[in-house]
Structure formats: structure tokens, C-alpha cells
Amino acid sequence: MDKVAAAGRRKGRIVQRGAAARWLLAACMALAGTAAAAGAPDPAAPVATPGTSCPQRDGDTSRPRIGLALGGGGARGVAHLGVLRKLEELGVPVDCIAGTSMGSLVGGLYAAGVPLEEMEQLVLEADWKQLFDDSIPRRERSYRRKQDDREGLATIGLGLGPRGVRLAPGVLQGARILSLFERKTLHVAAVRDFDELPIPFRAIGTDLNTGQPVELGSGSLALAMRASMSLPGIFQPVRIDGRVLVDGGIAEQVPIDTVRRMGADVVIAVDVGTPLMELGSDASVLQVVSQLTGMLTVGNTRDSVSRLGGRDVLVVPLLGEDVATGDFAKAAEALRIGREAAEAAAPALAALPRWRAVPPATPPAGGPAGGGYVRLENESRYDDQVLTEIVDIPLGRPLDADHLERATLRAYNEGTFASVTYEVERNDEGLTGVVVRAREKPQGPNYLQAGFRTATDFSGTSESSLRLALLRSPATPYGAEARVLLGLGSEPELQGEYYHPFDPQARWYLQTRLGARRTTVPVFDGRGNRVATYEAQAASAQLGLGRTFGRYGAAEIGLERSTGEAEVEVGDPTLPDVDLDAGSWYAQVAVDRLDSLYFPREGHWSRLAYRRSAGWLGGDARFEEAGLDVLAAAPFGRHALQAGLAWHATLSGELPLHLRHRLGGRGRLAGFHYNELAGQHYAMLMAGYSYQLAALFRRSAVVGATVEYGNAWEERGDMRASDGIWNGSLYLGFDSAIGPMLFGYGLREGGEGVLFLEIGKPL
């Protein structure tokens, strides 16, 4: 190569952020090889007709056609923008583009006519942590999904079907990234042939079943870009035209051959890949696996570069160890290094032909101006009306990309979809419409869930429990759910639940629970002295009819029946056993707009409930109870204030032992041990402060403090404001996927301090 301008090569070392991803790459490609050996079809030839996809865009057929090959490299690919900037300054024509992984993002947007200034602003100002987070704020989730937090269960990415346990194909779907691509390319969304873009374009993916490169030159531009970036094990693969596609860098890291097949006479190739590490004999297993997978990209890059000719130009930004694959926070640095590499290559680039007349980089005429129709491609068990209600795309109005993104993310966050995407199309009659595609998770509809709870006060008192559940969702086209739960540990339980909505909007629903549980309840005399701790074993059944109000609240009425017995566990063994036999009806209304159930920074939650025994349901207990709970939070920067109140009173009769209120721990009188207090009545006021240390996938790590005033009483006549006890706490907490993680210190008026560690939802 006479005109190969390489801005230098980098010595490699292990990049910790990419090690796990590379290990997953190796595992996925091993699976791919197994599939191919088992009889997978031979790969079809790449779809491209030589010489027809890279015409001189300025009409000057006397000059060579120039193609741009942009390689993959994650955050390192931001350097591509610096090279594009230099090409524009020099007036070097770009007649066609092919991109792999991050190169497909840069190349696809540039080919769609997005100005460089807008692209630079995107990479510099984008919230990359949020882009790699498919979740939506808790306040925007459906009311049903918000209640999952109270169950303390997390869906762990495993499904159970006729062929055994199935693992989720990726940690992330990439729904938010795809939405970004769809928004940025909305002006060309109706273009199905990538040769008709302002600049002809190809995105490179890898066929998971053959390991061969796949050139994507038609269909949805946004989906093609997303498929090219499908890092195995991290992002779920993308199915296009019957092929299952993963990251294109596995097969063609720098798509030089693709650009040549498009018809380019001269290729400008930009390699931003991570080089191999320098390992010794003491290398770890993870390092060895990472090195082996790195050979996939480095090897095919070396092979592609070897076919560059004398007129071609290779640009290699000196990213070195300064910008790793996942260092999107260093976008400005990557952009600077890309510009420096382009400056170093300027002599070779300046020798290339210049524009005779620069064509306008504008999208084709007839771009989508409004939604004339909505077409649904539903590959799930849900009824079409359910998806239509969630997405809610208005007809006859200008397409609102923000609304489309929020709508598809809402549907995706119902938890059972592998993907919910949209495309803009133009039908044979010339009408523009939106196509919504929904595909359910391949490991469903039976999902394994797990929850863990442990608590200790470091003074000999501790408890723990493990909860395992099998969830079937959806169980009916309107989204019914059935769950069986087994709890092991300090408070074992066996529960069955069925939730049945009656309409596509899930406005009206029926919910039933059956189960048995063992709990421990402290018992106090009329003077507040603890006399014993009972072990209560009760079986219960509940049937409720409810009405939801949007995504924020619900009202419910229902029936409850419980039976069992409680025996003395700690205390005077001559104390009598207690019969637990009660039947009651209840009514409650709740509003939930908190951003976090356990460490709220914004929003409010409230619940008003009433329960009364009913002799016609059976049971000996006679009681009437009412309760009110309120919690609100307001942020200011990283700081937030919380305030809450709780009031629960047995208005008449005697509340059964297993239904009595148990207190202790942060937010429920922090100076007491967990479950140290119990009573038929309790009241409490709380004020809190928290400071957000960090946020990961919309889950906060905070440090905070609370001040609480309240008490629990056996007799309603003793329930007086003057009889409250002051409590305070300092804590460090994280709102994890398995529930709150909490370490802190609580102190109460007239008592000793309590050092506590809690992981998981309070039981």
C-alpha cells in the first residue's frame, strides 16, 4: 500500500470492562459452531451487487468511487467522527459507507444525512448509562408491575418449559438504544433500500448459526444498526429475514470487503478495534478466554487490511489504553484522538479526488410526516388490543418520536416481551404508517423468580429466608398471571396467586391468593411488657375484585379467610395456645407514584384500608380495623427529603394474633429490633433525609437519616400522642434488584442503640 496512513498501533493490556463481555462472546461463538456442526444451512452469499451500490454522488464518473469502511470498537468508535470531519474539510467525496458495530451507528447516521454537528452533540451529551438501561422509571410502570416490589421477587432470566430450563439470550434487549436509532433516523424511516439513502450504506452483522458476515442493505435502518451492535451475552440477538444476528465484529470487524463489493474503487478504512493483550504464562483463565475471543476480531481485521490496495487509505486512531470499549464517558477524548489520527493521515487523504459539486446531504423526499395507520405484528400470547392500548399511537398526526419511544418502552417493561419496536413504512397506496412489532421472551411464558432476605443486629439475633417462585405470564390473552411461591428459612411459606384482568386495559381485575405461612409474633401485656413470643401457623385464602386508575392507583374490595394455631415459642410454657380462626371482608384504595419503594427521592404513596370480620365467612374472631399510610419524597439535586405517617387502629373487638402489626427497623421505629414491637394499634410520624451517592440502572445508592416518633399498643385507650417514643437512624442503602440493602445504626429514646444489616424485602 503506497498510501496507507496508520496513526500508530497500540500495545495491548487487559481491559477489565471488556473481559466479561469477551468471555460471553467466546461462549456464544462456541454455541454457534456447535449449531453449524449440527446441520445448520450453509451461509448465503452476502446480498450485494458489485458496482451498483456506490455511484459517484456528484455525477463525476471520471473519478474513482470512494467508499468508507468504519470498524467496530464500542466507545472507541466515537473517533470515527473525527475522521469524517477531516474528510469534509478536505472535500473528499464519500460515495458509500459500510459499518460494523459502533461503526454502523456512525456510518448509518451519516448515511441518513444526520449532520456531523448533531452526531458530535449526541455522543458528547448522551446519557450512555441510561441508553444501556432498558428499564423505565418506576413511576411510569403499570400499577401491577409496581406491586412486584412488595413481593421482593426478581425474575432471574430463566424460563421453564417442556424442554427444561431455558436461559435468556441476553442481559439487555437494547430497547432504549433501538429507540434512539429509530428517532434519529425517523426522517428516512420509510426508505427500505439503503442504496436510496443520501449515501448508500451497509451494516454488518454476524450469523449466530454460521459465523459468517451478513450485509444488511434493506429493511429498517435502525434495526440493522442495532443488529450490528448485538454483543453476544450482553444484548439479545436480532432476527432479520430468518437469520439470528449478533455483533458484526466477530466476522468482519472493518468491512473493507463489503465496501469493495458495493463498487468502491478506493477504500478509506478506519480501525478502532482493541488490539490483543500481551500475556505471560501466568495468565488467568479469564484473560486467556478474552485473548482467544479477541483473536476473532483482530484476525479478521488483519485479513481485511491485507487486501487494501495502493490507492486505499488506512486510518488507525491512537486510542491505546486511554479509551476502552466501554468508556463512553470518554467520548470527548475519543473524538479528539480521531481528529488527530485524521490529521496524521491528511497527506494521503488530500491526494484523493475532490468533490466536483457537493450533493446536498438531505433525506429523500416524501419522508414520513404523519401516521396514517398503525399495523401490529404481534408475536406474543397477548391479545392485539392489549398492545394497542399500551402503545396508543394517534392517527393522522405528525409522528412523535418521543411518544413512540415511551410507548414501546412501556410495553417492553411489562416484563414478558423480548422486544417491542416500531418502524415507519409506506404502503402501495402511498400512505405512511407505523408498524409495531412485539415478540415475547423465548424463555417464557414460565419464568423463575427468586428473592432473598437476611437481617442481623450483630448481637445474636438474625433471620433469613429464601423465596423461589414460578410465574406464568401471560396466562390469558388479556395478561392474566399465575404464580406459585415457596419460602424457606425463618418464616417458611407456600403461596399460590392468580391475577385475572377482564379487559385489555386491565382496568377491572380479579385476584385470589391461597397459602400457608409460619410467623413469629411478640405478645405484650396491657402495661407494654413483653410476656412471650408466639409461633403462628396459619393457612389463608383471599379473593379480591379491583379497579385500577391509569398507572398510578387501584381500589379493591374482597374477602379473607384464615385458620390456624399459635403456640408459645419463648416465654411461660403454661400460656395457652391461641386459635387463629378469622373471616373478614376488606376495602382499600391506594395510589403509588414513588420512584423507589424503599429509598424514595420523588413522588408519593398512600393507602387507606378498612377490614371487618364477617360471621357468615366462619371464624371466631370479631374485629373492625382501619388504617392510613402516607409517604412522600421531594428531591433537590442529589438531596431528597421524605415524610410519612402511619395510623392503624382496631376500632372494635380483638385483632387475631397473626394479623397484628409488627414494628422495628428503619422506617418502622429504627431504634427497635426487627419485629421487636407488636400490637393491635400503632401510629408513627417519620421525617427523613437522603443523599444520592450513585445510581445504577435507575437504582440509587444513598446515605441518609430518619427521625421517627411513634409506638404500638395493645389497648386502644393507651393510644396517645404523649406515649410515643423518639427514634432515629443513620444508614447506607442500595435499592438492588433483590430488594433493599441496608446497613445502619438506630437509636431510640431511653434504649440502647441497634446496629443493623438488612438485605431483601422485609417480610
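**Backbone, burial and packing in a predicted model**

Student: Asp241 lies in the loop between β9 (238-240) and β10 (243-247). Is Asp241 buried or exposed?

Tutor: This is a predicted model, in which local features need pLDDT of at least 70 and side-chain atom pairs count only at pLDDT 80 or more, while totals for chains, interfaces and linings use all residues. Residues are numbered from 1 along each chain as its sequence is written, and side-chain values use heavy atoms, with hydrogens and water left out. Buried means under 20% relative accessible area, exposed over 50%, and partly exposed in between (1.4 Å probe, protein chains only). Because the relative accessible area of Asp241 is 73%, this residue is exposed.

Student: What is the phi of Leu669?

Tutor: Leu669 is placed in the loop between β27 (661-663) and β28 (677-679), and its relative accessible area of 0% makes it buried. Most residues other than glycine have a negative phi. Leu669 is not a glycine, yet its phi is positive, at about 75°.

Student: What is the order of the open sheet of 3 strands?

Tutor: Strands are DSSP runs (E, at least two residues) and helices are DSSP runs (H or I, at least four), both numbered from the N terminus; two strands pair if DSSP finds at least two bridges between them. β13 (373-379) and β14 (417-426) each have a single partner strand, so they stand at the edges, with one side of each left without a neighbour in the sheet. β13 runs parallel to β15 (residues 432-440), joined by 7 bridges. With mixed pairing, the order is β13-β15-β14.

Student: At about what angle does helix α14 run to β13?

Tutor: Axes are lines fitted to C-alpha atoms, for helices over the stretch in contact, and angles run from 0 to 180 degrees between N-to-C directions. Helix α14 (residues 384-391) lies across β13, β14 and β15. Its angle to β13 is about 130°.

Student: How many of the 10 residues of helix α3 are buried?

Tutor: The buried residues of α3 (residues 102-111) include Met102, Leu105, Leu109 and Tyr110. The helix is largely enclosed by the rest of the structure, because the number of its residues that are buried is 10 of the 10.

Student: How many residues has the largest nonpolar core?

Tutor: A nonpolar core is a set of buried Ala, Val, Leu, Ile, Met, Phe, Trp, Tyr and Cys residues joined through side-chain atoms within 4.5 Å. Leu68, Leu81, Leu87 and Ile97 have the most contacts inside the largest one. Its number of residues is 73.

Student: With which side chain does the side chain of Gln511 make a polar contact?

Tutor: Gln511 is placed in strand β20 (residues 508-524) and counts as buried at 13% relative accessibility. Its contacts (heavy atoms within 4.5 Å), not counting residues up to four places away in sequence, include Glu497, Tyr498 and Gln542. A polar contact is a pair of N or O atoms within 3.5 Å; within protein, one must be able to donate a hydrogen and the other to accept it, and residues adjacent in sequence count only if both atoms are side-chain atoms. At 3.0 Å, the partner side chain is that of Arg144.
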